[in-house]
Amino acid sequence: MTASAEKYTRQTLLDVQPLTPSLFSLRTTRDSGFRFRAGQFARLGVTKADGSVVWRAYSMVSSPFDEHLDFYSIVVPGGEFTSELSRLREGDELLIDRQAFGYLTLDRFVDGRDLWLLATGTGVAPFLSILQDFEAWERFDSIKLVYSVRESCELAYQSLIAGLEQRDYLAEYAGKLQFIPVVTREQHPGALNGRITTLIENGELERAAGLELTPEHSRVMLCGNPQMIDDTRQVLKARDMNLSLSRRPGQVAVETYW
Ligand SMILES: Cc1cc2nc3c(=O)[nH]c(=O)nc-3n(C[C@H](O)[C@H](O)[C@H](O)COP(=O)(O)OP(=O)(O)OC[C@H]3O[C@@H](n4cnc5c(N)ncnc54)[C@H](O)[C@@H]3O)c2cc1C
Ligand SMILES: NC(=O)c1ccc[n+]([C@@H]2O[C@H](COP(=O)([O-])OP(=O)(O)OC[C@H]3O[C@@H](n4cnc5c(N)ncnc54)[C@H](OP(=O)(O)O)[C@@H]3O)[C@@H](O)[C@H]2O)c1
């Protein structure tokens, strides 16, 4: 991916926080002209030692009205982009495309009562942006954030999630959000144990949520592992829940990370 100089701005890293050796969050300054909708992604650029720039897509974690930008990243061993990104420290420069992209936004749904946000790994990022914005809370009666990781130490942004309903601007919606952590490779108190696909098929997810997945009421967003997205789409299709397209509104919207 390349971008001409005028297509991006140079931003400064304000903070880098490791979660595990292969996961970290970062905060950058934000260009005053950079606009996005909750759920969208930016193209980030890092400059390599030879002067070339590598670009990758990254979902914003922060809300559209925050002054800064937050991102959440994996470190892929030997990965061209993340090997460079994970070396950056506070004060270093990050290139950010002037335009935001993506369709994992609430305007994909024309109606619906219950919003289900199903993420694997770093795929939780766009949902955190959506949850820090008003729209989901205003439009839906209930919101289920389902976040699947291999091990419990990979559950990121726990205090942000726990504190959402205490925020002044969301207090009136308190009680709408249920956080359902899923840990697949160890037993963890308070978390479901099993893949999202299995948990839908065997009814465990709906039991935990106290709510049924139905074409009439449920609107489902999927983000992260491409195989999870394919498999979950099949499971949902068997229940008459289909991708929402502009010419044919449906129940499902997706963002595939690789
Ligand atoms: C729309 C969109 C939004 C994205 N948002 C994010 C984000 O918010 N945070 C983030 O960490 N990544 C995100 N990604 C993935 C990101 O663009 C890069 O793929 C990632 O930074 C790795 O880059 P790399 O050059 O190091 O490795 P790549 O050569 O790009 O990837 C190598 C391999 O690493 C694995 N991989 C890549 N990304 C991930 C990941 N996120 N989680 C687990 N395994 C992965 C895959 O097996 C992939 O084939 C997004 C991708 C897309 C398309
Ligand atoms: N996380 C680690 O400890 C670790 C360590 C070294 C390297 N890596 C590498 O990092 C990359 C990403 O790892 P990650 O853990 O962030 O992402 P991941 O492999 O996508 O796993 C995240 C969550 O998604 C679940 N999942 C995967 N495929 C699914 C499917 N088809 N349907 C439903 N759920 C599914 C996983 O369950 P399952 O546990 O059942 O797969 C896990 O709960 C991988 O390429 C991996 O090899 C990860």
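Biologist: Which residue lies over the face of Phe 101?

Modeller: A charge counts as sitting over a ring if NZ of Lys or CZ of Arg is within 6 Å of the ring centre and within 35 degrees of the ring normal. Here the distance from the ring centre is 4.5 Å. The residue over Phe 101 is Arg 43.

Biologist: What should I know about the model and its numbering?

Modeller: This is a predicted model, where local features need pLDDT of at least 70 and side-chain atom pairs pLDDT 80 or more, while totals for chains, interfaces and linings use all residues. Residues are numbered from 1 along each chain as its sequence is written, chains are lettered from A and ligands numbered from 1 in the order written, and side-chain values use heavy atoms, with hydrogens and water left out.

Biologist: How many aromatic pairs are there?

Modeller: Rings of Phe, Tyr and Trp (its six-membered ring) pair if their centres lie within 6.5 Å; planes under 30 degrees apart are stacked, over 60 edge-to-face and the rest tilted. By this rule the count is 11.

Biologist: How far apart in sequence are the parts that Tyr 8 and Trp 55 tie together?

Modeller: Their rings form a tilted pair, 5.3 Å centre to centre with 50° between the planes. Strands are DSSP runs of E with at least two residues, helices runs of H or I with at least four, numbered from the N terminus. Tyr 8 lies in strand E1 and Trp 55 in strand E4, so the parts they tie together are apart by 47 residues.

Biologist: Is Trp 55 buried or exposed?

Modeller: Buried means under 20% relative accessible area, exposed over 50%, and partly exposed in between (1.4 Å probe, protein chains only). Trp 55 has 3%, so the word is buried.

Biologist: How many residues of H2 are buried?

Modeller: Among the buried ones are Phe 127, Leu 128 and Gln 132. H2 is largely enclosed by the rest of the structure, because the buried count is eight of the eight.

Biologist: How much of the accessible area of ligand 2 does the protein cover?

Modeller: A polar side-chain atom of Arg 185 lies 2.6 Å from an oxygen atom of ligand 2, and Arg 150 has a side-chain N or O atom 2.9 Å from a ligand 2 oxygen. On its own, ligand 2 has 860 Å² of accessible area (Shrake-Rupley method, 1.4 Å probe). The protein covers 73%.

Definitions and conventions. Polar contact = N/O pair within 3.5 Å; in protein donor to acceptor, adjacent residues only side chain to side chain.
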